[in-house]
Amino acid sequence: MFLKLAWLNIWRNKRRTLITTASVFFAVLLAVATRSMTDGIYVNMIHNVVSYSSGYLQIHQKGYWDEQSIDNTFEENKELTQSLLDNQDIQHIMPRLETFALASYAEKTKGVLILGIDPEKEKEVNKLHEKVVEGNYIETINDNAVVIGEGLASQLKLKANDTIVLLGQGYHASSAAGKYRVKGIIKLGSPELNNNIVYMPIQRAQSMHGAENRLTAISIMLDKSSSIETLKPSLEKEIDTDTYEIMSWKEMMPEMDQFITADSTGHYIIIGVLYLIISFGLFGTLMMMTFERSREFGILIAIGMKKRYLAVILLLESLMISLIGCLAGILGGILIVQWFTKYPVHFTGELQEIYENYGIEPIIYFSSDEKIFITQTLIVLLLSTILTFYPCFKVMKLKPIEAINS
Amino acid sequence: MKEIRPSKYVLGMALLIFPLFAMTIQQELSATAVIKKADENMRGKTSLADITIKIIRPTWSREMNMKAWSKGDDYSMILIKSPAKEKGTVFLKRVKEVWNWIPSIERNIKLPPSMMSQSWMGTDFTNDDLVKEASSVVDYTHQHLGKETMAGKACYKIEMIPKPTAAIVWEKVIVWIDVEDFLQLKAEFYDEDGALVNIMNSGDVKEIGGRKITSKIEMIPVDKEGNSTWIIYNDILFDEEIKDDFFTTRNMKQLK
């Protein structure tokens, strides 16, 4: 009965209803779009940085992170690898041997980061082969060649197919020295990596350091949307935590996590302001409606309508309007997000350079995480419900005679 | 004749006393002389040694075999013979320079001064120890601290304090030198704060190459528990003729 009344009521003045619905619609749309965009940017940024460096999660020998020496490596373990691969959430695991060494070519010498990798897996996960700007990519783990960062190559004044000399500290105080052909030169976004990295097939890196079959880390790649917070504890139960330690990128790269938190706070403030504007818009329409209909309310009460029932009807009316607006907003939001997921926005010019300097693809991705839709819609719905109490309150206070005469 | 008697007695007494007197002189040998004797004992004009070095760490250990040539204070050459991975690596010390030939990269590297205080081949010895610019005789002042028994042998305990002009990182070094054979059995190295940093124990006295030497030397860094390095002399030849031009960077590459 109330529902029917409310439903009929809102379509009595179509224009008013449409205006209110539209303001809710745009509110939801805007909130969803901004949130989805910022989240998309973060997720993409994390994915970019993480796939070239640490991975989302890393497993080390216990104590490795505090003392990153080649002596704190662990032996590659089939059982561990298998149990990781069996996990549904884990997309890829990448064995790595990471050390520091001196690299020398002709007269130049420079400290470098040696990353022993499985070339095929890196190719699959972060498309390393597409970043080669000169020469070729290392194809197999047995390839006796390295790929180095473009910045490093230019500092050593070295070209593809030159021979680089590497000298470092090996496992258990052995020496680590070797000559390697530079098969390709790779251009990476992060200047830190670009200027220091030497990618080497893991087998080669292990024999250079006298650390056969040993790894400094297993990098774990997850789907962009997987939750590290739930996966990490579940993995900790599976692996032997007396021998291994498991760390998330947030622990390994706290500066990036902090940057995101700080940047995210800024966005929350902007969204807060957005909500404020939306609320005032809604409030305005509701106030107008109350004024316009005060004569009607007065008459209704005068002919015996209970104030309480009238308030409930009003509440239902605005809930209906908000719901319609929200649903429309979600639909619109999904369309926008889908459109941009299909055709992401590419930055050009200066902005592109800035992004590339940070090691991030100059592309705006939109996050299609359903959480965003739900929370943003709920927030807008809540706001409009709170605001509806204003007309209800007015009705309860209404003096029928004054209202009819006004 | 009766008059001569007392003089005979005196002479007899003198003959009896003199050796005793001489012995006290021997015992009162200056600290510097003791150090000099000990230094000469371990160092010939030249030496050619077959050495095993053992690195001991809490969780692992490692053994290396090497051949070492030396001539006086200025020249020495070390060739690593095993393990296979390091085989052929050569270190050359020439006056104040240290060169390192690494066959796997075919490079001869001159160790920069900044690397001198770093570990040599992962041992508890530094590159600087290898160069041993300082001479324990010339660069220190020596002082007796009395006698102590060390490993069942009577030893001189001598404090060595670097001369202000010498480039030595220690505040003082205390050494124990065997009274009988003049072999250094123990040394303690103290840093500028007076804290004990390294202990060097020598033992296993053997006659090798016609000399009595301590064939086992153990270096223990005090602040790293469970770490130590052993140097074991398997064989040593003293005073064989080695020409100066043996100690060249060119020769490093063809050493066997």
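## Ground rules

This is a predicted model, in which local features need pLDDT of at least 70, side-chain atom pairs count only at pLDDT 80 or more, and totals for chains, interfaces and linings use all residues. Residues are numbered from 1 along each chain as its sequence is written, while chains are lettered from A and ligands numbered from 1 in the order in which they are written.

Let's look at helix 12 (residues 307–342) and helix 14 (residues 370–397) of chain A, whose axes come within 9 Å and cross at roughly 155 degrees. Helices here are DSSP runs of H or I with at least four residues, strands are E runs of at least two, and both are numbered from the N terminus. Axes are lines fitted to C-alpha atoms, for helices over the stretch in contact, with angles from 0 to 180 degrees between N-to-C directions. The crossing angle therefore makes the two helices roughly antiparallel, a label for angles over 145 degrees.

Among the residues that meet are A:Leu314 and A:Gly329 from helix 12, and A:Phe373 and A:Pro391 from helix 14; contact means C-beta atoms, placed from the backbone, within 7 Å.

## Where chain A meets chain B

Here 10 residues of chain A are in contact with 12 residues of chain B. Strand 7 (163–169) and strand 8 (175–186) of chain A each supply at least two residues of chain A's side. The largest share, 4 residues, comes from strand 8.

Methods: Parallel < 35°, antiparallel > 145°, perpendicular 65-115°, else oblique. Contact = placed C-beta atoms within 7 Å.
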